[in-house]
Amino acid sequence: MTPETSAPSPDSRPTRVRIAPSPTGDPHVGTAYIGLLNYLFAAQRGGEFVLRIEDTDRTRFVASSEQMIFDALKWIGLTWNEGPDVGGPYGPYRQSERTEIYREHVELLLRSGHAYRSFETAEELEEVRKQQMAAKQPPRYNGAARHLSQEEIDANLAAGKPFVVRLKVPLEGSTTFRDELRGEITFDHNNVDDQVLMKSDGFPTYHLANVVDDHLMRITDVIRAEEWISSTPKHVLLYNAFGWELPKFWHMPLLRNVDKSKISKRKNPVSLVYYRESGYLPNAMLNFLGLMGGGMAQPTEQEIVSKGLNTKEGDIFSLAEMKERFDFQRISLGGPVFDLVKLKWLNGEYIRRQSPDEFFQTLRQTLFSDAYLRAVAPLVQERIETVGQFGDMTGFLFSDNVLPPESVWLPKKRQPEETLAFAAEQLTALEASTWDAASIEAELKKLGEAKQWSVKENFMLLRAILSGSLTSPPLMESLVVFGKARSLDRVRRFLETQKKLANQRK
RNA sequence: GUCCCCGUCGUCCAGUGGUUAGGACAUCGCCCUUUCACGGCGGUAACACGGGUUCGAAUCCCGUCGGGGACGCCA
C-alpha cells in the first residue's frame, strides 16, 4: 500500500481525469456537476479531461442519450480533450467497443486466482437475497461457487451454462484507501461482497470496466460522487490484483433534493434538457453548480473594495473565475440541496446583466426559436381567425406557471383524491413513454383501461394540467411540442401544488 | 439491519482555540415607484445534544442523536 506521506504526489504523471456518464436517458445535472469539477481540476493542473461513455448495460441503453449528453455538456460550456466524438490516444472511449479488452483482463484475474466463475442464475440469487433479508442478514453472495471443483466448472462450461465472473474478496483482513477529502477509509473484507465483474452477457460491470479503463487511460485522479465510496475497496482490490498503481480518489458530496435525499427525478427536475428548454442560461447553471459544495473562496474584503463588488457578487462567478479560484480542498462534505429558488435568482441576475440585444438573442434562441415556433404553428393554424389569437391558444406553451383551478381539472363524476391519484399514474405512464404522439396516446389509453377511466376523463385531466384549460390544441401534439422534460415537470408541479393545498385545508 | 460518510440560520456558503458567529437566497418591514419587477435600507433566523481537553471551544477528542449513501448480472 502507499505509505502515508504529505509530500507532493509520488507519481509525477501528468494529470488526467475523466467523466464517465452512462447513456441511459436524459443528461443529468449530477453529470454536469461532476463534469464541471473534473474539468476545473484538469484545467488548474494543465491536465487532460476525458469523456468516456459507460454503456455496458444493454438493458438500460438509450440510443439517443449519448448525443444528448454531448450537447448538454457543451451547452453549459464544458469541453473535453478526449472522447468518443473527438478521439484521442487511449480510445476507444465507448466501453461497448472495448469488450475484448475486458475479456482479456478477466482472463488474467481468473488465472491469477483473483476471480472465479459463478453459475447461479439471477433468479436463484434473488431468492437467496430475499431469504437473507427475511432473516435480517446482510444480503450478500454466499461464495458458493468459490468451492467449485475444476471438474464441475468444466462440466458447466461444456454444458453451455451461462456464468458470471466474480471478484474473490479475501475472507480476512480489510482494505484501506485514502479519500483526498476525507482521509483514510477502511472496510473490513467481511463487509465487501464478491462483486460481479463480468455479466453473463459478456459485458463487464462498472467495477471492472472503470478500473481497467482508468488504468489504461492513465487516469491519475478519480473524481466522482460520494455514492461510490462503499464500492471503492473493490476497486482497490482490483488495482492490487492487476499490480497497478492506484489513482487518487476524490469523492464529491451528492446533490440533494429539498428533503436531503439524493437528487432524483421524482422530486426535482434533474434533466439538463429541462433546464435548457425552460430558459435557464448555461452560465447561470454552471455558476450555480460551482456554488454547490463551496469550492469557491469568497472574495476578501480588499477584493470587494478594490473591485467595487456588491456583497452578493461573492456568489456570482464565471467559468474562468472558477478555473482561477476554485479550491478542491475547500469543498464541504455536507450534501448540498439543489435549491431551485436560488438557481432562479441567479438566473435572473444573469438575465438582467445581458444587454438588450443579448437578451433578444436569448429569446430568439430559446422560447421564440424558429424551431419551436415551427413546431407550435401547425397546432393552431386551423383554429384561429386572426394571428392575434395565436397567444390565446398557445399561452401555456410559453408560460412557466400554469395551474388549473379545481373547477377545471376535476371531472364531474370524480372525487379529488382519486383524480390526483390518477394524475400521478399519468405521470408514471408519461415518464415511461417514448415521446411521440402515438406512443403517448397508447400509454395513456392503456392506463385508462386499467384504471377504468374513460378516454375523455383521462385526456381532459391531462389537458387541464398541461394547458390550465379545458380548451386547447390537440393534447398529444401539444405534449410532444412542449417536450418531455417540461411536460413531466408540469404534471409533477401540479401534483405538488395540490398536495400542498390539501395539507393547508387540513 | 450491516457497513461507510456527513452534521453552522429554512437553503447555499464564511469561520481552522479568543468574532456582538459573517455573507447570499428565501422570508418580514420600510423606501423608491402609476402597477409589478428591479434597486436601496433594516429585521427575524444557526453552531444537534452530552461529556471531556483547555484560562478559553462552532473550531480538538469521545459518545449519543439526526441526516445521507451503499449493500444489483445498474451505473
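1. The note opens with a local pair: in this predicted model, arginine 383 forms a salt bridge with glutamate 382, and their closest N and O atoms are 3.9 Å apart. Arginine 383 is partly exposed, with a relative accessible area of 38%. Glutamate 382 is exposed, because its relative accessible area of 70% lies over the 50% cut-off.

2. Salt bridges that share partners also form one network, whose members are Arg18, Arg52, Glu54, Arg98, Asp213 and Asp214. A search of the whole structure finds 36 salt bridges. As background, side chains of opposite charge can pair when their charged atoms come close.

3. Which residue does aspartate 214 pair with? Its salt-bridge partner is arginine 18, with the closest N and O atoms 2.7 Å apart. Aspartate 214 belongs to helix H6 (residues 206–216) and arginine 18 to strand E1 (residues 16–19), so the pair ties together parts that are 196 residues apart in sequence. Both aspartate 214 and arginine 18 are buried.

4. Another salt bridge joins aspartate 193 to arginine 140, the closest N and O atoms being 3.9 Å apart. This pair links distant parts of the chain, 53 residues apart: aspartate 193 sits in the loop between strand E6 (183–188) and strand E7 (196–198), and arginine 140 in the loop between helix H4 (122–134) and helix H5 (150–158). Aspartate 193 counts as partly exposed at 21% relative accessibility, and arginine 140 counts as partly exposed at 27%.

5. In the largest nonpolar core, which has 58 residues, Val29, Met252, Tyr275, Phe328 and Phe338 touch the most other members. Helix H1 (residues 29–44) supplies the largest share of this core, 10 residues. A second, separate core has 37 residues, including Val402, Trp453, Ile465 and Leu495. In soluble globular proteins, nonpolar side chains tend to be buried together.

6. Leaving aside residues up to four places away in sequence, methionine 252 touches, among others, Ile34, Leu37, Leu181, Phe328 and Ile331. Its contacts also include Arg182, Arg224 and Glu226.

7. In an unreviewed UniProt entry, the annotation "binding site" covers Lys265. Lysine 265 is placed in the loop between strand E9 (248–252) and helix H8 (272–277). Apart from residues up to four places away in sequence, lysine 265 touches Val270 and Arg492.

8. On confidence, the mean pLDDT of chain A is 91, and 95% of its residues reach 70 or more. Over residues 1–10 the pLDDT is below 50, and this stretch has five contacts in the model beyond near neighbours in sequence. Where pLDDT is low, the predicted coordinates should not be read in detail. The model scores ipTM 0.95 and pTM 0.92.

Key. Residues are numbered from 1 along each chain as its sequence is written. Chains are lettered from A and ligands numbered from 1 in the order in which they are written. This is a predicted model: local features need pLDDT of at least 70, side-chain atom pairs count only at pLDDT 80 or more; totals for chains, interfaces and linings use all residues. Side-chain values use heavy atoms; hydrogens and water are left out. A nonpolar core is a set of buried Ala, Val, Leu, Ile, Met, Phe, Trp, Tyr and Cys residues joined through side-chain atoms within 4.5 Å. Buried means under 20% relative accessible area, exposed over 50%, partly exposed in between (1.4 Å probe, protein chains only). Helices (H or I, at least four residues) and strands (E, at least two) are DSSP runs, numbered from the N terminus. Contact means heavy atoms within 4.5 Å. UniProt positions are given in the numbering used here, feature names are shortened, and annotations may be inferred rather than shown by experiment. pLDDT is the predictor's confidence in each residue, from 0 to 100. A salt bridge is a side-chain nitrogen of Lys or Arg within 4 Å of a carboxyl oxygen of Asp or Glu.
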